[in-house]
Amino acid sequence: MKTMKILCQTRNNLLNGLLVLIGISILLLLWSFSTGVEGRIWSGTKYIDQLIDARLKEEGIKPSKQSSDAEFLRRVHLDLTGKIPTVEAVVSFLEDGSRNKREKKIDELIGSELYLDYWTRLWTNWLIGRDDNDMERRLGLERWIRASLARNMPYNQFVTALIAAEGNIEENGAANYLLRYELSPVDLASHTSRLFLGLPMQCAQCHDHKTEAWYQEDFYGLAAFFANIRVEEAFKMDKDSGERVTERYLKNVPKGSVYMPETDEPTPPSFLDGTRPTTPTVKQRQALSKWMTAKDNPYFCHAIVNRIWAHFMGRGFVEPLDGFGEEYPPSNPALLDWLAKDFMIHGYDLRYLMRTLLNTKTYQRTSETNKSNQNDDLYYSHAYVKPLTAEQFFYSMLESTGFERLQKRRDRGQLEEMKRRYLERFLFLIDNGEMEEVEAFNGTVPQALMMINGPLVNDSGSHKERGGLLHYILKTKRTKRARLDQIYLTTLSRYPRTSERTYFDRYLRSSLYRNDALAYEDLYWALLNSAEFALNH
């Protein structure tokens, strides 16, 4: 009896122990699922830093130290939202003592409304430039891009939807990409190869490429995929108004050809690897998108990884971005290959790619150099200083002048329309409205005059303008220290240094102004027009 009792107790203990082990295993499994993405991101960032550091060691370069919190915050806001952070965001971040606050800030910004606004504008410019001759077409594409980014559409699906777009143009905003180039097979072959594959195929339009292995027949074989697109109109009666409404549809037609110069025979569609599609002619753009986004395509993932890396780091592995080939070898081919493969493995997830890059030590290094790396412009030993793009400069100026606060009585629709009109004027003055790539703001004379005399600066920088930003600061901040803090936080997203406080004290004492408020006007104007404001560093 005693033996049986012992055996029963032992069995119960074993069962209880087994249940505990099963419970622990389940908890570990659940934990691994819940933290899997985060763990993979941290694994990726660590590997990136290892490859970068290994290359720096080979080159005998000592990397710069990590950026300050204020430097990091301003940089990541510009890179993810296209504008400087608010004063409240700066103060909150600098006072946050948590160890993982940078990681949390990255997660907070990616997918935010500001992120969606900025990356929608960015992708629109990459796809169709700043040409807004057809505002309806531009807005249609913007709506589609924003919706795609909001649900984090995988990049391969994003590109497929653009290249193979068809159907009702009003309902399918992706079709506006093809319409921007007037359905020209030559223009579409040139742009799609540059943007989505990183290849300078446009050079082969008139002659065989002089430095790369691309021939005219390669270019026109690619162009032939776009030869059978047409826009057709249909009419229907609107149920509510009873009026006849015209609808436009993008369709594939059975016939369509392109011809190489000085040839009489049409060029058949052919992929850049020399093969030809086996699908019916009417579905040839679908075949092209399938080939472009295939896992074994040597350019697709490399091109977008290189573009996103360049956006964050200031320089791509391959420069220019559409320079993939023999002439411009990558500065770190092993890392570029790994990033492209990792991007593909993780489902072409752009947000995953961004988080992986932004959490690296490489991205978070300071732009201040040392003797070892002051001439490095290839190996990412320090943060490369980037001039703000025209859009970044414009929206940062709106933030630093308190434009939205001044217009707080207007509804969002009115406010966005005012911003658009100001931006159009701004782009016109700096004379770059036709650029396809988002070029750096270069500080032209018309722009400088607009800043000095324009209403944005004058209204916000006047101590007399009721409701203006400087008037508000001087009214609500009573001490010199508090006023300086607020002005620096508003314009440069940091607190003033001790030397800057000392300099301003000296300026006040030596100033001929009877009213100290005029000296604060000078300071605000000088900071807003400084190189530190105009650069992403």
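Reply: Leu183 sits in the loop that runs between helix H9 (175-180) and helix H10 (185-197). Keep in mind that this is a predicted model. Most residues other than glycine have a negative phi. Leu183 also counts as buried, because its relative accessibility is 15% and the cut-off for buried is under 20%.

Follow the chain onward into H10 and you get to a helix crossing. The axes of H10 and helix H11 (residues 216-223) come within 8 Å and cross at roughly 105 degrees, which means H10 is roughly perpendicular to H11. On the H10 side, the contact is made by Pro185, Val186, Ala189, Ser190 and Ser193, and H11 brings Phe219, Tyr220, Leu222 and Ala223. Sort the residues of this contact by type and you find seven nonpolar, two polar and no charged.

Asn152, in the loop between helix H7 (135-150) and helix H8 (155-163), has a positive phi of about 55 degrees and isn't a glycine either. Asn152 is partly exposed, at 23% relative accessible area, whereas Leu183 is buried. Another backbone spot to check is the cis peptide bond joining Glu319 and Pro320, with omega about 0 degrees. Pro320 belongs to the loop between helix H13 (300-313) and helix H14 (333-345).

Now for the rings. The count comes to 30 aromatic pairs. One of them is Tyr47 with Trp338, a tilted pair at 4.9 Å centre to centre and 45 degrees between the planes. Tyr47 lies in helix H2 (residues 36-59) and Trp338 in helix H14, so this pair ties together parts that are 291 residues apart in sequence. Tyr47 is partly exposed at 32% relative accessibility, and Trp338 is partly exposed too, at 23%. Trp119 and Trp126 have ring centres 6.1 Å apart and planes at 80 degrees, so that pair is edge-to-face. Both of these tryptophans, Trp119 and Trp126, are buried.

Finally, a couple of charges sit over rings. The charged end of Arg75 is placed over the ring of Tyr363, 5.7 Å from its centre. Lys101 lies over the face of Phe93, at 4.7 Å from the ring centre.

Key: Residues are numbered from 1 along each chain as its sequence is written. This is a predicted model: local features need pLDDT of at least 70, side-chain atom pairs count only at pLDDT 80 or more; totals for chains, interfaces and linings use all residues. Side-chain values use heavy atoms; hydrogens and water are left out. Helices (H or I, at least four residues) and strands (E, at least two) are DSSP runs, numbered from the N terminus. Buried means under 20% relative accessible area, exposed over 50%, partly exposed in between (1.4 Å probe, protein chains only). Axes are lines fitted to C-alpha atoms, for helices over the stretch in contact, and angles run from 0 to 180 degrees between N-to-C directions. Angles under 35 degrees count as roughly parallel, over 145 as roughly antiparallel, 65 to 115 as roughly perpendicular and the rest as oblique. Contact means heavy atoms within 4.5 Å. Ala, Val, Leu, Ile, Met, Phe, Trp, Tyr, Cys and Pro count as nonpolar, Asp, Glu, Lys and Arg as charged, and the others, Gly among them, as polar. Rings of Phe, Tyr and Trp (its six-membered ring) pair if their centres lie within 6.5 Å; planes under 30 degrees apart count as stacked, over 60 as edge-to-face and the rest as tilted. A charge sits over a ring if NZ of Lys or CZ of Arg is within 6 Å of the ring centre and within 35 degrees of the ring normal.
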